[in-house]
Amino acid sequence: MKAVRMTHVGDVDALEYYDEAEPKAGENQVVVEVAAAGVNFMDIGARRGMASRGYKPSILGVEGAGRVIEVGPAVTEFSVGDRVAWVFVPSSYAERIVAPVSSLVKVPDEIDDKTAAAAMMQGLTASHFATDFYPVQPRDVALVHAGAGGLGLLLTQIIKLRGGSVISRVSSESKVAIAKEAGADHVIVDSEGNFAAEAVRLSGGEGVHVVYDGSGPTTFQGSLDALRRSGTFCWYGPVLGGPGALDIMSLPKSIKLGYAVFLDHVHTPELLRARSENLFQWIQNGDIKVNIGNTYHLSDARQAHVAMESRATTGKLLLMP
């Protein structure tokens, strides 16, 4: 089979399209024919040598959707032919993968493979941010950074679903329309970190209730300044770097600051399946729409990484074997 192997830490030339041995299912594992694999910033981080939580792959990718083609011993939850999706299954940039059953969810017939693959990492992350880390309430005002990216678009829709309003920050005028289509009430165009005063103005002069910031250290101070008293700062996205050491006594306006970690939302198989079922239900009901920005053949993984690193893309990027 074919897969995308990382031959060394570095630029996109570290990615090679290789022949690999066919996977075999062990106990409590299945083999899945991959229909689509998601491209995520954590893959770029791994390629750059910034992998976290033990993610040190030779074959990149952690997310996708496909169909079960082999079932290992002791597997009772899945059968050959089942359509499944996953997140945090290593080596997903491949034609076929071995996956533990604890990391798989069944995909409803009404949801196609591309949508299922695109929804897992970013959809469950957005769900965590808006329902768990900071449960958005009606009339809350949220500031969403990278509002035209796959995560930002889904987060905007979930916030609106919960009755909040959204100020979306995007990096260029070309991204305004897609942010508004997702439901953003206001869009700030900014690529330099000069957004706080406008966010405060748009929130009625008090500042926002919550800010979701995965844009790295350049936006950290502005996000602090955009918050109202007792507001919540949801920080995420280690690939772009952190803000550095903080003096907690210097934090303003009694704000609450936290680092939101995806796996805390789905730390058991039962939670993974419950949260995924809820996410799929939103999609089936038309409550949220998964935006797929572009698809690439598996052999073009380098191009997908270049596009994501350019910060010029919108929506989710997928690799298709």
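This is a predicted model: local features need pLDDT of at least 70, side-chain atom pairs count only at pLDDT 80 or more; totals for chains, interfaces and linings use all residues.
Q: What residue classes make up the lining of the second largest pocket?
A: Seven nonpolar, four polar and no charged residues. Ala, Val, Leu, Ile, Met, Phe, Trp, Tyr, Cys and Pro count as nonpolar, Asp, Glu, Lys and Arg as charged, and the others, Gly among them, as polar. Residues are numbered from 1 along each chain as its sequence is written, and side-chain values use heavy atoms, with hydrogens and water left out.

Q: What makes this space a pocket and not a cavity?
A: On a 1 Å grid over the protein atoms alone, a cavity is a set of points where a 1.4 Å probe fits but cannot get out, whereas a pocket is an open set with protein on both sides within 12 Å along at least five of seven lines. Lining residues have an atom within 4 Å of a point. The second largest pocket holds about 170 Å³.

Q: How many cavities of 30 Å³ or more turn up?
A: One, in a search of the whole structure. The largest cavity comes to about 40 Å³. Its lining consists of A118, Q122, G150, L153, L154, Q157, K289, V290, N291 and K316. Helices α2 and α3 (150-161) each give two or more of these residues, and α3 has the largest share, with four.

Q: Why is F88 called partly exposed?
A: Buried means under 20% relative accessible area, exposed over 50%, and partly exposed in between (1.4 Å probe, protein chains only). F88 has 30%, so it sits in the middle class.

Q: What makes the backbone of F88 stand out?
A: Its phi is positive, about 60°, although F88 is not a glycine. Most residues other than glycine have a negative phi. S230 in strand β12 is another case, with a positive phi of about 65°. S230 also counts as partly exposed, at 42%.

Q: Which class does R201 get, buried or exposed?
A: Exposed, because its 52% is over the cut-off. R201 belongs to helix α5 (residues 196-202). Its C-alpha atom is 18 Å from that of Y212, 11 residues away along the chain.

Q: How do you know which strands sit at the edges of the sheet?
A: Follow the order β10-β9-β8-β11-β12-β13, an open sheet of six strands with parallel pairing. β10 (186-189) and β13 (256-259) each pair on one side only, which puts them at the edges. From one strand to the next, the twist averages 15°.

Q: Why do β8 and β11 count as a pair?
A: Pairing takes at least two DSSP bridges; β8 (residues 141-144) and β11 (residues 208-213) have three, so they qualify. In one of these, L143 is partnered with V211 of β11.

Q: Which strands does helix α2 touch?
A: α2 (residues 113-133) packs on the sheet against β11, β12 (227-235) and β13, with contact meaning heavy atoms within 4.5 Å. The direction of α2 makes about 145° with that of β12.

How values were computed: Axes are lines fitted to C-alpha atoms, for helices over the stretch in contact, and angles run from 0 to 180 degrees between N-to-C directions. Grid points are joined across faces, edges and corners, and a volume is the space filled by probe spheres set on the points.
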